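Reader: I have a structure open and a few questions about it. Can we go through it piece by piece?

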Amino acid sequence: MRTKKKNRGITALKARYGWICVAPWALGLVLFFIWPVIQSVVYSFCKVNLSAGGMNITFLGLDNFKYIFMENANYLDFMVESLVKFLYSFPVILVLSLILALILNQRFRGRLFFRALYFLPVIIASGAVLKTILSSTAAGVSNMQQDESIAMSMFSVSELVTSLGLPQQMSSYFVTLMDGITGLIWNCGVQTVLFIAGLQAIPPLLYEVSRVEGATSWEEFWFITFPMLSRVIVLVSVFTMVELITDPTNKIMDQAYAFMRSQFYGESSAMLWSYFLIVGVLMAALLGLFKKCCLNKWE
Amino acid sequence: MQRILPVKKRGSRGKLKRAQTIPLAIGRYILLISIGYLVLYPVIYMISSSLKPVSAYLDASIIYIPREFTFEFYEFAIRTIDYWDALGSTFLYEMASAALEVMMCSFIGYGMARFKFKGKRFFDVMLILLILIPTQMIITPMMMNYSQMDVFGIGGLFHSLTGIDLRPNILDTVWTFYLPSLLGVGLRAGTLLYIYIQFFKGLPQELEEAAWIDGAGLFRTFFSIALPSSSVVFTTVMIFALVWHWNDYFLPIMYLSDNFPLAVKIYDIESLLTLQNEWGTYASISTKGAACFLFILPVLVVYLFLQRRFVQSIDRVGITG
C-alpha cells in the first residue's frame, strides 16, 4: 500500500513522461542499432551464405580474422596506411580547429565575415563534393600525363622550389603536404563550430578574476580555457574519429564494401570491426594520455 | 546587457597593452586570410572552371576570370546528373527524413534531459555508442534486415509456423529513410540528440514545472512551452541535419537501386561523365565544377539566409553544457 502511494505523484509522473519520450527511440535502438550491431559482430565470426529461404550461418571462430590479417594481400597495407593517416590527421585537425575557434571567438572587425567563411566547410564538405572538388584538378589533368593537383595550381610549387635552390624531390613533397593541408582544413568545420560553442560556455567571470590576479593570456589559456574545454575536446575527438573512419577515401572501408558486394559478409564484417576496434583503442589511448597529462597538470 | 560588458573590459585592457595588440591583430588577419584562402580556393576554382570555355584553359593569360563566360557546361551538367529528378529525389528521401529526424530527436532529447526514469543509464550508454558507431559499420545486417523487415522476429516466427511471409522488403522505398528517422536512429541521430540534450539541460525548468502544476500534460508542455523557447537549438540542429542529409551519399547507394539523390550523382560523377564522354578532359573539369556548384547552390542559399542566426545560435546553444 505504502509503496504504491510513494510511486504516485510528480516523480512517478515524470518517470512515465520520460518513458513516453524515449519509447520510440528504444524501439528504434533495438531494431536499427543494437540488433544490427550484434548481428554484424556475430557475422564476423561466421560464414554467411545467402540462400533462397534466408541465410545460413556457420560458426568459424577466428578464421575470418586469420584470413584478413594473414592471407589477404591488401588488408594490412591499407590498415597501416589509414592508421598513419589517422595519426597525423587527428592531432592536426584538433589543434587547427582549436586555434581557429580561439581566433574566431575574439572580437575584431570582420568577425562575422570570417565566421561565415570558416563555417563554409560545414555546409559544403561532407564527402561527395569534397572528393570531387579536391580531386577535380588532379583527376582531370592527370589523363594528360601531368601530375597536377590542387596545390600545384595554387602556386607553382616547382618554380618555388627551384628558385629556393632546393632539390627537385622536395617539390613533390611540398605538393603532397599542401594537398593534405587543404583536405585537413576542409575537415575542420564542425570541430571549429563545436569549439566555439564550448568557448562561449566558459563563464567570463573566470577570466575577470584571472586578470585581477595578473595572469598573462598564455596562463589564461592553459589554466582556464583548456581545462574548461576538456569535455568539448572529448566530443570533438569522437566526432573527428567517426569522420576519419567514414571518410570516402578510406581504402579499408572500400575493400570491406567490395567484399560485401561479392557476398563475403563474414570477412567484410571482420574487416570493419577490426579496423574500428584498432582505431577505437588508439583513440582511447590518446584520450587517456590527454586525461592523465592534463589531470596531472591541473592538480 | 551581457554583450556590452565584455567589450568595455576589453577596451580598458586594450589601453594598457596597445603596443602588444596591434601586431597581434595583424598576425590574426594574416592567419585568417591565408587559411581562408585555402578554404575558398577550391570553391573559387570550381566556380571559375564551370564558367570557362575550353579555349580558356589553353590560354595561359587566363587563370580565373575568362574573357567570355559560357553556361553550356551547366546545361551539360544538368543533363549528365539528371539534375531536376535527382533534386526531387533528394527532397523525397533526404530532406523529408531530415525534417522527421529534427522533430523526433527534439522530443526524445527533451525526455532524456528532463526526466529521471529507470533505465536512463542504459540510454546514456546507448547514446554514446550511437555517436561512436557509424552506420557504415553495420550496413550489412541493416540491408539484410530491410530486405525482410521484421519486428522482434514476430514475422519470422509467423513465417516458420504458417509459411506465409509477412515481412515486406522495404529496400528501395522511402521507409528505409523515414523509419530510422522517425525512431530517432537516423543519420547521425546521436550527435543531434546530444546537442538537444545538452540544450534542454541548460534550459530553465520553472516554466514547465508551473505548467505541470496547472495540469498541462507532457505533450502540451512540450509543444507550448519547451519548443517555443528552443528556436536557438533548432537552427543549429536544422542546419546540421539538413547539411548531413544533403551530402549523404552512402546510405542511398546502399539502400536504393535507382532514382538516386544528388549527392550520389556527384559522388559518381566520374563514371557518369565517362558514360557520355562526348567532350575532352577540360570540358569534363568544367562540367564537374558546374555540377558541384549546382549541388551546393540550394544549401548555400539556405545558409546565406540562416547564416546570421546560425552563427549566433552557436554562441548560445550551449552544445557542451
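Author: One term to begin with: a residue is called buried when its relative accessible area is under 20%. Also, this is a predicted model.

Reader: Fine. Is A:Ser44 buried or exposed?
Author: A:Ser44 has a relative accessible area of 2%, which is under 20%, so A:Ser44 counts as buried.

Reader: Where does A:Ser44 sit, and what does A:Ser44 touch?
Author: A:Ser44 lies in helix 2 of chain A, which covers residues 9–44. Leaving out residues up to four places away in sequence, A:Ser44 touches A:Asn64, A:Phe65, A:Gly266, A:Ser269 and A:Ala270.

Reader: Cysteines next. How many disulfides are there over all chains?
Author: The count is zero.

Reader: And A:Cys46 and A:Cys188, buried or exposed?
Author: A:Cys46 has a relative accessible area of 4%, so A:Cys46 is buried. A:Cys188 is buried too, with a value of 1%.

Reader: Switching to chain B. How many helices and strands does chain B have?
Author: Chain B has 17 helices and zero strands. Of its 321 residues, 54% count as buried. Among contacts in chain B with a separation of 6 or more, 74% are between residues 24 or more positions apart.

Reader: Take helix 9 of chain B. Which of its residues are buried?
Author: Helix 9 covers residues 175–182, and its buried residues are B:Thr176, B:Phe177, B:Tyr178, B:Pro180 and B:Ser181.

Reader: What covers those buried residues?
Author: The cover includes helix 5 (83–114), helix 7 (139–147), helix 13 (231–247) and helix 14 (250–255) of chain B. Helix 2 of chain A is also part of the cover.

Reader: What happens just after helix 9 of chain B?
Author: B:Gly184 takes a positive phi there, about 75 degrees.

Reader: What area do chain B and chain A bury between them?
Author: About 9,600 Å², with 76% of it on carbon and sulfur atoms.

Reader: How many salt bridges and polar contacts between chain B and chain A?
Author: There are two salt bridges. The polar contacts come to 13 residue pairs, both residues at pLDDT 80 or more.

Reader: What does B:Arg188 form a salt bridge with?
Author: B:Arg188 pairs with A:Glu243, and the closest N and O atoms are 2.8 Å apart.

Definitions and conventions:
Residues numbered from 1 in each chain as written. Chains lettered and ligands numbered in written order. Predicted model: local features only at pLDDT ≥ 70, side-chain atom pairs only at ≥ 80, totals over all residues. Heavy atoms only, no water. Buried area = accessible area lost by both parts, 1.4 Å probe. Salt bridge = Lys/Arg side-chain N within 4 Å of Asp/Glu carboxyl O. Polar contact = N/O pair within 3.5 Å; in protein donor to acceptor, adjacent residues only side chain to side chain. Disulfide = S-S within 2.5 Å. Buried < 20%, exposed > 50% of the residue type's maximum accessible area, 1.4 Å probe, protein only. Helix = DSSP H or I, 4+ residues; strand = E, 2+ residues; numbered from the N terminus. Contact = heavy atoms within 4.5 Å.
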